[in-house]
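Thank you all for making time this morning.

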Amino acid sequence: MTSPASLLQSKVWRRFGAAASTTLIFLLAGTGPAEAQKKISLLTWNIPVYKEKIDGWIADFKQLHPDVQVEWLDKKGTEWATFYQTQVVGGAAPDIIDVQGALWLEYAANGGLVDLTPYLAREPQLRDWYNAKFLATWVYEGKQYLVPFYISKTLLFMNRTMMQEAGLTRPPKSFDEMLDYARKMTKGERSGFLTLNFDWLYWPLFAMNGVELLTHDGKRAAFNTPAAVKTVEALAKATADGVINKVSWTGRWVEPNGAFSSGTVGLYQAHAPAFFYVRGAGKWVNRDTLGIAQMPGGFSTPNSHGLGISKTSKYPDLAWEFIKLATNEKWAYTFGTTLNNLTGTKADTKILEHFKKEDPLAAEVLNTQLEGLDKLVGVWPQARDAQIKEAFYSELQAAVLGRKKPADALAEAERKVNRVLQQR
Amino acid sequence: MTYARRRGSGFVWLFLAPSLLVFALYRIIPLGWNAVLSVERWSPFRPASFAGLDHYEEMFFHDEVFWRSLWNTVVFMTSAPIAIALALGVALLVNAPIRGRALYRAAIFLSYPLMPVAVGIIWRWLYDEKVGLINYGLISAGLISRGIPFLESFEWAMLAVIVAAVWQILGFFMVILLAGLQSIPRELHEAAAIDGAGRAQRIGRITLPLLRPAIFLCLIIGIINSFTSFDLIYVMTRGGPNYATELLITYIYRAAFTLTRFDYAAALTVVLFVFLLALTWLANRASGGEAGAVEAAE
């Protein structure tokens with residue numbers, strides 16, 4: 001006769017055996033309960049404050065695709081590239097990425113991103129939905145790799161109070177006039193000009209002097225010219241005299257914004273998002289005291305965010321569906337009005353209308369982002385963009401901070417850039 | 001070998017096995033993989049191809065940033081002897097029978113448990129050109145008329161980060177040296193004093209020679225620390241301005257994650273490894289070749 005204890009034991013073993021067999025079957029079949037659902041992941045760039053709305057994207061997406069699970073990850077700008085690259089190496093790259101500046105070029109050039117050209121070709125109305133000029137900034141070797149998520153480009157902010165004190169009434173019209181304005185506003189703790197300089201944001205200073213970075217075929221450096229030497233000499237002298245704030249050459253974002261918001265800088269070349277930081281930190285900023293203009297010559301460098309799909313994505317079509325949803329009219333408008341940005345889509349008209357009513361000064365700033373799009377500079381599709389940038393900027397920085405003669409620095413930069421371009 | 005000895009040896013390996021396994025997984029295998037990577041052309045997005053010694057050639061003959069970062073690393077290493085000298089002075093002070101010495105010891109040690117990132121942020125604020133306490137003090141004292149942009153200046157940036165590094169490690173060195181000081185028998189000092197030795201002579205002839213192991217330990221820790229001070233530099237200057245504070249370790253990071261040149265970063269890492277190995281060997285020689293040796297119990 002079986003004792004109750006041994007009966008219980010045999011029941012436990014039986015259940016255990018059943019559970020183990022089920023697990024084994026699922027494992028062998030490769031379709032565990034959790035794997036029955038498809039999953040895509042989204043990596044965004046420092047927008048944790050937007051969580052509620054991203055949950056909204058996901059909820060909308062789930063309605064269309066109930067069988068798909070969406071995972072959202074967000075990383076700070078300083079951590080983003082490190083995180084993404086390690087995920088790629090680990091074979092777990094997020095399906096959809098929100099990437100800033102020129103980082104995408106390296107990924108695209110090495111086959112790390114999905115070519116979106118066929119997707120856009122299939123839906124011409126969608127192609128028209130995106131701003132063509134911004135769309136063109138994400139083309140590499142004829143292929144479209146990203147679509148706009150939110151856009152920005154550089155412009156010139158002016159401290160009108162300092163300008164009036166120096167007897168200046170209108171925006172500068174040339175490089176020389178801009179430095180002349182800056183010199184007039186420089187006094188004691190005050191400096192006349194400041195620029196953001198990460199990525200290629202400082203390039204309008206060269207573009208307005210007719211300097212090109214590379215030859216038309218993109219195979220050789222083209223910047224070592226008398227005009228470039230003169231430009232760097234002028235920048236170095238202005239920096240040495242305190243006319244250009246030295247923070248300009250640090251490559252940071254917060255510190256230059258802080259300097260301009262303190263009210264001690266006359267002219268500030270920065271991208272539109274800087275405005276919201278400056279206004280938040282500087283009590284002096286209002287429609288009477290802050291002037292907004294394009295840089296002399298109308299040149300500007302974009303610094304936008306695009307959405308793309310990792311080549312390793314198991315579900316690129318689903319990822320594309322998600323991108324379409326995140327950039328549709330409803331969500332583009334929500335994004336623009338919530339985070340004070342334009343989106344590089346047709347929703348921008350409505351976003352600008354919103355700001356004209358609610359925040360006219362912000363509307364003025366944002367309006368500049370859609371002007372002069374035929375004079376976007378600093379967007380050369382080079383796979384080794386980061387290395388070229390490093391090679392050029394390290395020498396420029398040495399020259400403007402007085403460590404090297406401008407002519408020597410540019411000659412050395414030319415040698416370095418050409419070496420990068422010749423690397424296999 | 002006797003059976004008992006073999007059995008004992010087997011036990012030693014058995015107990016060591018888990019640690020060795022972890023060590024192999026997290027140190028030896030990555031090190032090997034890194035060495036392989038250094039002779040390949042590889043990025044996360046494309047398959048590897050053999051590059052031979054191309055990266056090393058570029059590093060030694062064409063990359064001035066490598067040489068600068070190597071030199072900066074050597075300069076930054078001076079923070080170790082500076083910190084040891086200061087820590088010794090402080091240890092001698094707080095070892096003296098003064099009131100509230102426990103409080104002083106605790107206050108000086110406090111900087112050590114702080115995270116390097118926090119130390120970097122604190123010092124960045126202290127050095128700030130406009131609102132930094134250091135510039136405020138210097139201007140108030142009439143020593144300068146305008147704030148110095150310490151971390152943006154070629155002349156000051158390296159010194160500025162060395163000061164921060166010294167400040168952080170000072171408390172730790174003080175504790176080690178204090179323990180060393182307290183282990184010196186008081187009778188030696190008393191006997192020397194009776195023989196007519198002055199304070200300076202006693203420090204030079206008794207304290208310093210007997211503190212040699214503690215100083216040596218501090219030196220090794222300090223040197224290793226200076227090679228791995230990534231967080232502090234990254235937070236304070238990111239290696240700038242214009243590589244003025246770029247160390248080999250920050251350059252490796254820049255090469256890998258900013259320039260997406262993992263293969264080149266691997267070659268830089270091999271050089272750093274060899275450099276560290278050479279230093280360790282030298283240190284071992286300097287200590288009589290027995291550093292880290294443990295006598296097995298019979």
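This is a predicted model: local features need pLDDT of at least 70, side-chain atom pairs count only at pLDDT 80 or more; totals for chains, interfaces and linings use all residues.

Residues are numbered from 1 along each chain as its sequence is written, and chains are lettered from A and ligands numbered from 1 in the order in which they are written.

In chain A there are 19 helices and 11 strands, where helices (H or I, at least four residues) and strands (E, at least two) are DSSP runs numbered from the N terminus. Of the 424 residues in chain A, 44% are buried, meaning that 20 or more other C-beta atoms, placed from the backbone, lie within 10 Å of the residue's own.

Chain A is divided into domain 1, covering 38–152 + 303–370, and domain 2, covering 154–301 + 384–422, with bounds from an automatic or database domain assignment. Between these domains, 14 residues of domain 1 are in contact with 16 residues of domain 2, a contact being two C-beta atoms, placed from the backbone, within 7 Å. On the domain 1 side, helix 17 of chain A gives the most, with six residues.

Which helix supplies the largest share of the side of chain A that touches chain B? The contact itself takes 25 residues from chain A and 17 residues from chain B, and on the chain A side the largest share, six residues, comes from helix 18 of chain A. Helix 3 (77–89) and helix 4 of chain A are also among the elements that each supply at least two residues there.

Finally, in chain B, helix 4 (residues 79–95) and helix 8 (residues 157–182) pack at an angle of about 50°, with their axes 7 Å apart; axes are lines fitted to C-alpha atoms over the stretch in contact, and angles run from 0 to 180 degrees between N-to-C directions. Helix 4 of chain B is therefore oblique to helix 8 of chain B, since angles under 35 degrees count as roughly parallel, over 145 as roughly antiparallel, 65 to 115 as roughly perpendicular and the rest as oblique. Among the residues that meet are I82(B) and L86(B) in helix 4 of chain B, and I169(B) and F173(B) in helix 8 of chain B.

Technical notes. A residue is buried if 20 or more other C-beta atoms lie within 10 Å of its own, exposed if 12 or fewer, and partly exposed in between; C-beta atoms are placed from the backbone.
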